[in-house]
Amino acid sequence: MKKLVKKILTVVLILSLCLTLNVSALSGLELKTDKEFISFNEDSKKVAEIFKSDSSEIAEYCKAEGIEYLAVNEKNTKQIRITSKQNEFTSSVINISGLSNDKISALLPELLGDSNIKGEIIEKNGQKFIRTDILSTDSGGKYRITEYITVADKESIVLSFYTGENEDDSYIEACFESFSADGFKDNQTEKKLSVWQYALPIIIAVFVAVILVIGITIIIDLKRKDDEPQETENE
């Protein structure tokens with residue numbers, strides 16, 4: 001009987017672990033970059049050297065600006081940033097993918113913060129983004145800013161690429177394709193979840209049936225053991 005109880009507990013533990021792994025695998029921010037980039041999370045000291053700054057100052061700056069991810073190449077001619085912020089507008093929108101393209105176009109000035117900036121509405125696996133490209137100049141020279149802006153899970157999430165003049169920008173598309181975060185609409189994941197929603201009730205039903213069979217078997221075995229002494233006495 002003890003062995004049987006251990007088996008039941010093992011089955012329950014395995015099922016619980018599987019459910020936990022499925023939930024945790026869907027969370028978090030993901031971004032794949034080329035090997036030339038060094039992220040602040042992985043090597044804050046090296047990034048601070050490239051920026052000619054202090055790592056604590058960079059950390060404070062990222063916290064104040066809502067920068068979730070920061071990466072740069074050795075020459076500081078390319079930068080990647082992910083910024084997230086929340087306000088009344090993003091809280092009301094929840095997820096931009098639920099809006100029509102016409103509605104998004106009407107909201108562009110508020111989303112971009114500048115009516116002079118033009119954006120292109122694109123979609124990646126169900127999640128909608130606004131892509132913008134602008135040229136800028138600072139003390140380091142001319143550079144191009146490419147941004148993918150979206151609203152998901154009541155937050156504005158911006159993936160920004162800063163590319164120096166005459167630098168190869170082919171890394172942008174590949175990097176964007178790997179970009180995902182909590183709250184993003186994901187057609188592939190939704191299909192998997194749909195299958196899981198149909199399969200889960202069947203798994204639960206089978207599991208309950210097994211438990212019932214085991215329970216009935218235990219009751220029968222216990223009853224037989226209770227009847228054995230009486231049969232011996234009668235003999």
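This is a predicted model: local features need pLDDT of at least 70, side-chain atom pairs count only at pLDDT 80 or more; totals for chains, interfaces and linings use all residues.
Student: Noted. And how do strand 5 and strand 6 pair overall?

Tutor: Strand 5 covers residues 127-138 and strand 6 covers residues 141-152. The two run antiparallel, with nine bridges between them.

Student: What does the whole sheet look like, then? Which order do the strands take?

Tutor: The sheet is open and has seven strands, in the order 1-2-3-7-6-5-4, with antiparallel pairing. At the edges sit strand 1 (37-39) and strand 4 (120-124), each pairing on one side only. On average, neighbouring strands are turned by 25° against each other, direction ignored.

Student: Which strands does helix 3 touch?

Tutor: Helix 3 (residues 55-65) packs on the sheet against strand 2 (67-73) and strand 3 (78-85). Its direction makes about 135° with that of strand 2.

Student: And helix 5, what does that one touch?

Tutor: Helix 5 (residues 101-112) also packs on the sheet, touching strand 4, strand 5 and strand 6. The angle between its direction and that of strand 5 is about 35°.

Student: Changing topic: which residues touch the most other members in the largest nonpolar core?

Tutor: That core has 20 residues, and the ones touching the most other members are Leu 31, Ile 80, Tyr 148, Leu 159, Phe 161 and Phe 179. Strand 2, strand 3, strand 6, strand 7 (155-164) and helix 6 (171-177) each give at least two residues. Helix 6 supplies the largest share, four residues.

Student: Let's zoom out. How many helices and strands are there in the protein?

Tutor: There are seven helices and seven strands. From the N terminus, the elements go α-β-α-α-β-β-α-α-β-β-β-β-α-α.

Student: How much of the protein counts as buried?

Tutor: Of its 235 residues, 30% count as buried. The protein exposes about 15800 Å², and carbon and sulfur atoms supply 54% of that.

Student: Last one: what share of the contacts with a separation of 6 or more comes from residues 24 or more positions apart?

Tutor: Those pairs account for 53% of them.

Definitions and conventions
Residues are numbered from 1 along each chain as its sequence is written. Side-chain values use heavy atoms; hydrogens and water are left out. Two strands pair if DSSP finds at least two bridges between them. Axes are lines fitted to C-alpha atoms, for helices over the stretch in contact, and angles run from 0 to 180 degrees between N-to-C directions. Contact means heavy atoms within 4.5 Å. A nonpolar core is a set of buried Ala, Val, Leu, Ile, Met, Phe, Trp, Tyr and Cys residues joined through side-chain atoms within 4.5 Å. Buried means under 20% relative accessible area, exposed over 50%, partly exposed in between (1.4 Å probe, protein chains only). Accessible areas come from the Shrake-Rupley method with a 1.4 Å probe; for residues, only the protein chains shown count as cover.
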